[in-house]
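This briefing covers a sheet, a pocket, a loop residue and a ring pair. Please have the sequence and the model in view while reading.

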Amino acid sequence: LKQGSIQEIGEVHEVTAAYLATGQTQEAELDLENFQPRKGSGLMRFKKAMVLNNKGEACQNFSIGDDVVIGFEVIKSGNVEQANLCVKIITSDGLSLISMVNSDGKCDFVDIKEREELFLTIKDVRLYPGSYFLTFLVSDSMGVDLYDSVEMCLMFNILDGGKLTKRTLPR
């Protein structure tokens with residue numbers, strides 16, 4: 001509903017995804033310079049984010065079994081030597097499904113330059129068909145001081161079909 005009018009009719013997961021996507025970008029690359037809302041002290045800020053295929057091309061649609069590459073650029077404006085980075089994948093129902101922190105992969109984020117461009121590859125993605133949103137967070141190395149957070153700023157889709165599925169998967 002929007003101002004008393006029905007905006008979307010369909011399956012629950014489709015209507016929920018459309019609602020959550022309201023105001024969100026339909027692009028695979030996004031300039032986050034002026035993205036709102038965001039939280040944090042601003043000692044570090046996300047400048048851009050992107051979803052890429054395994055060829056390095058901006059892409060929003062993937063099949064089960066594809067590689068999904070999530071890239072982002074972060075800049076620092078203060079004296080930050082170490083930080084924690086977090087990328088969250090959120091379902092179209094608003095459920096936080098995956099929360100990946102650099103320390104999970106034993107990847108320390110130290111000796112930080114003024115500008116860092118990082119890429120995270122999810123090999124052989126096995127997510128159920130649907131829409132997924134990305135949230136990015138950066139904090140101090142203890143996770144106490146939040147420097148920046150951009151929530152549900154990008155979206156990607158897992159489609160039916162591909163090399164691993166031959167039938168439609170019901171939700």
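Helices (H or I, at least four residues) and strands (E, at least two) are DSSP runs, numbered from the N terminus. The model is predicted: local features need pLDDT of at least 70, side-chain atom pairs count only at pLDDT 80 or more, and totals for chains, interfaces and linings use all residues. Residues are numbered from 1 along each chain as its sequence is written, and side-chain values use heavy atoms, with hydrogens and water left out.

**Loop residue Gly40**
- Gly40 sits in the loop between strand E2 (38–39) and E3.
- Apart from neighbours within four places in sequence, Gly40 has contacts with Leu146, Tyr147 and Asp148, where contact means heavy atoms within 4.5 Å.
- From C-alpha to C-alpha, Gly40 lies 9.0 Å from Leu137, although the two are 97 residues apart in sequence.

**Sheet**
- An open sheet is formed by four strands in the order E1-E3-E5-E9, with antiparallel pairing; two strands pair if DSSP finds at least two bridges between them.
- Strand E1 (29–31) and strand E9 (115–122) are at the edges and have a single partner strand each, so one side of each is left without a neighbour in the sheet.
- From one strand to the next the twist averages 20°, with axes taken as lines fitted to C-alpha atoms (for helices over the stretch in contact) and angles running from 0 to 180 degrees between N-to-C directions.
- Eight bridges join strand E3 (residues 44–52) to strand E5 (residues 68–76) in the antiparallel sense.
- Met50 is placed opposite Gly71 in E5.

**Largest pocket**
- A pocket is, on a 1 Å grid over the protein atoms alone, an open set of points where a 1.4 Å probe fits, with protein on both sides within 12 Å along at least five of seven lines; lining residues have an atom within 4 Å of a point.
- The volume of the largest pocket is about 300 Å³, a volume being the space filled by probe spheres set on the points, which are joined across faces, edges and corners.
- It is lined by 14 residues, of which Phe72, Leu85, Asn102, Cys107 and Leu120 are the closest to its centre.
- Strand E6 (82–91), strand E7 (96–101) and E9 each give two or more residues to this lining, and E9 supplies the largest share, four residues.

**Aromatic pairs**
- Rings of Phe, Tyr and Trp (its six-membered ring) pair if their centres lie within 6.5 Å; planes under 30 degrees apart count as stacked, over 60 as edge-to-face and the rest as tilted.
- By this rule there are five aromatic pairs.
- The ring centres of Phe46 and Phe136 are 5.7 Å apart and the planes stand at 45°, so this pair is tilted.
- Phe46 in strand E3 and Phe136 in strand E10 (residues 130–139) are 90 residues apart, and the pair links distant parts of the chain.
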